[in-house]
Amino acid sequence: MVPSLPSTITTAAPCSATTTTTSATTTDQPCWTANKHNNSNNNNNNNNTTNNNKNNNNNNNNTNEHNHHHKAQTLALVRRINNCQSSEQVLDILNQEYKNRRPSLEYDEPVFAQALTKCNNLLSRHNSSDAGASASASTVALQILNQLPQSELCRARTISIVCGSSCAGGGGDDNASKALLVQQLLQERPLSTIGPYNSAIAACGNAKNWQGAWHIFTNLIPSNLVVTSVTINALLTALCRQRRGNEALQILRTAKRKWKIDPDRISYHTTLSALLGNGQIQESCHLVQEMAQSGRPEIQPNKETLNRISSAVAGKKAARKMVVQLLGENTIDVLQSQAREFDCFHKWNLPKVGRGKKAYWKLGQFSTAAAAAAVVENNSNKHNNKHNNNNEEEAREDIIVVGLSPNRNPATNGVRLNFYRPCKHASSSSSSSSSSSSAATKDYQKLGYLIMINTAGGMNGNDDSGKCSPPTSQFLGQCVAEEERGRGWAKVWFALWLQLCFDAGLVPITGIMHKPLLCLVLQHSFGMVPIIKDGGGGGGGGGGGGGIRVELSQGSTAGSIQLYSSSRALAGVFSPLDLRKQNIELSLSPSIPRGREIVVGASFECPDQELIRKKVSRVLENGWTMVEEVKTSSLREILLGICDDNEATKEEH
């Protein structure tokens, strides 16, 4: 007999009994039902984790959007600052932007640093006699620093501006107060770079406050900073201006022992000037002997060294006698050798133009493409005499006369290439007739000049291989007349110098080039590359023998250029005078579009002369011709200043 089901299943029961029964029933659920509930819980946990990840992603996106928005605001603010025409406008923009919020060191330091850089650029473009502009820049810089006083970068820029204003305008009392202000800025908190200390020492030198420069050097520079040759030379210059010969000699003596610095020629010459200014002739001669016995070719005494002594003892028989006793009779011969260089051009019978210091010896002339076109048009219209005369006048305006003259700066075999344009009132025959070689220089308008130092080469005393160094021509720089700038003469003149080097068999190299536009011509127009010294950085940011790599672009104002470096700060690389004369603006951010990459502060060489020959040929376009008196075989002797009569006679025959 089958048992009947319990009555509790079919009969209604109280709520409490039903609950109890249900619990009992749940406890006795099968295994697959429990797993189902566990999976459901795991899915819920996974969903929660996914939601958390989404929230984190949203937060990250919001952070990225905020950073992107802040970066865009910063760039827009920097552009507004770069467009300012005065330091007061820069300060007004900052006051408006940060009127209702406090600037942050993390986000707003680039803005304030760029504002100070703009003030420095505006200061450097003002005339050195504009004391009002320099005072305004210093005041604005201090007010900007007060808004973000914890920024070390802004404090360093402020020090640079105050130091730069001490060089531009203001009297001695004003410079003294600025030097004191700089010392106070340095005493507030130590800086992590040596640049501001160098600027502060130079500012004290401009204020003729050698005690302040000495105090900064001995007491304010932190022990963890590396003192460089720039620091030493800045202090020596400050001491030299006050004729503190003993102190300068003390710094020079301890430079290598204490700071592991080998003083350069600038250090020795500055110390020599300080000693001579203080009347210490004997110590000066001992210093020259030390230079000669050092075994370092880069500091051997040259004509500039001896000319400093010669100027100091001029008209002083006792002092001159002491110099001859200590340095020998050869000193007089070396001092007088510069005068013999002026006879070298006479030996080769070059046409001489003018007299005195403005005289030059004609080497050749260069005709531009416009002149060649005018000559062609002149030949095709011989029936019209009046039209022919006009064409001849236009052609002569595009004929550049190139002349040689010794460089009067006391350097070894310095030669100038002078560039002239015949004036309109000069007769057409004056530029080609040999009888006009003594014509006054007033018939020619001087466009500028180029300086080079030529070396004959020979055995290298430091090389045991027995190899001879080739003859070289070192390009030192060039100067273009103010009214002729922007017409491309720098490129043409550099090409003429390269052509002379190739014709004379001289290896073209350059000295250290600091002008950005000239470096642009050397590298991008002619393909010259920086000379990397031992341990150099190959054009990197450190400038260790290879210069400093920068981006060059157009500045915010007409005729100005902007420099940016991603590897190092450019503050302190260029002096205030260089910034003003070359219209340079220093930027903390790259330009849009990006500028052209160049290397400044380096020497350059020609790695591929055949390629450079082709580039020179394209620039000159066969427009260069030398005078008949110059032969290619004797051009080397002319540039090297070889004045031997036997050699000259041999060339003539």
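In this predicted model, the largest nonpolar core holds 62 residues, and those touching the most other members are Leu 417, Phe 419, Trp 493, Leu 496, Trp 497 and Leu 498. Helix 21 (residues 489-504) supplies the largest share of this core, 12 residues. Leu 496 touches Phe 366, Val 402, Phe 419, Leu 620 and Trp 624, with residues up to four places away in sequence left out of the count. A second, separate core of 55 residues has Leu 91, Ile 159, Cys 163 and Tyr 197 among its members. In soluble globular proteins, nonpolar side chains tend to be buried together.

| Core | Residues in core | Members, including |
|---|---|---|
| Largest nonpolar core | 62 residues | Leu 417, Phe 419, Trp 493 |
| Second, separate core | 55 residues | Leu 91, Ile 159, Cys 163 |

Helix 22 (residues 516-525) is largely enclosed by the rest of the structure, because 7 of its 10 residues are buried. These buried residues are Pro 516, Leu 518, Cys 519, Leu 520, Val 521, Leu 522 and Gln 523. After helix 22 comes Gly 527, which has a positive phi near 75 degrees.

Helix 11 (residues 229-241) packs against helix 13 (residues 265-277) at an angle of about 15 degrees, and their axes lie 9 Å apart. Helix 11 is therefore roughly parallel to helix 13, the limit for that class being an angle under 35 degrees. Their crossing is left-handed. On the helix 11 side, Asn 233, Leu 236, Thr 237 and Cys 240 meet Ile 266, Ser 267, Thr 270, Thr 271, Ser 273 and Ala 274 of helix 13. The residues of this contact comprise 4 nonpolar, 6 polar and no charged.

Terms used. Residues numbered from 1 in each chain as written. Predicted model: local features only at pLDDT ≥ 70, side-chain atom pairs only at ≥ 80, totals over all residues. Heavy atoms only, no water. Axes fitted to C-alpha atoms, helices over the stretch in contact; angles between N-to-C directions. Helix = DSSP H or I, 4+ residues; strand = E, 2+ residues; numbered from the N terminus. Parallel < 35°, antiparallel > 145°, perpendicular 65-115°, else oblique. Left-handed = near helix turned anticlockwise from the far one by under 90°. Contact = heavy atoms within 4.5 Å. Nonpolar A, V, L, I, M, F, W, Y, C, P; charged D, E, K, R; others polar. Core = buried A, V, L, I, M, F, W, Y, C linked by side-chain atoms within 4.5 Å. Buried < 20%, exposed > 50% of the residue type's maximum accessible area, 1.4 Å probe, protein only.
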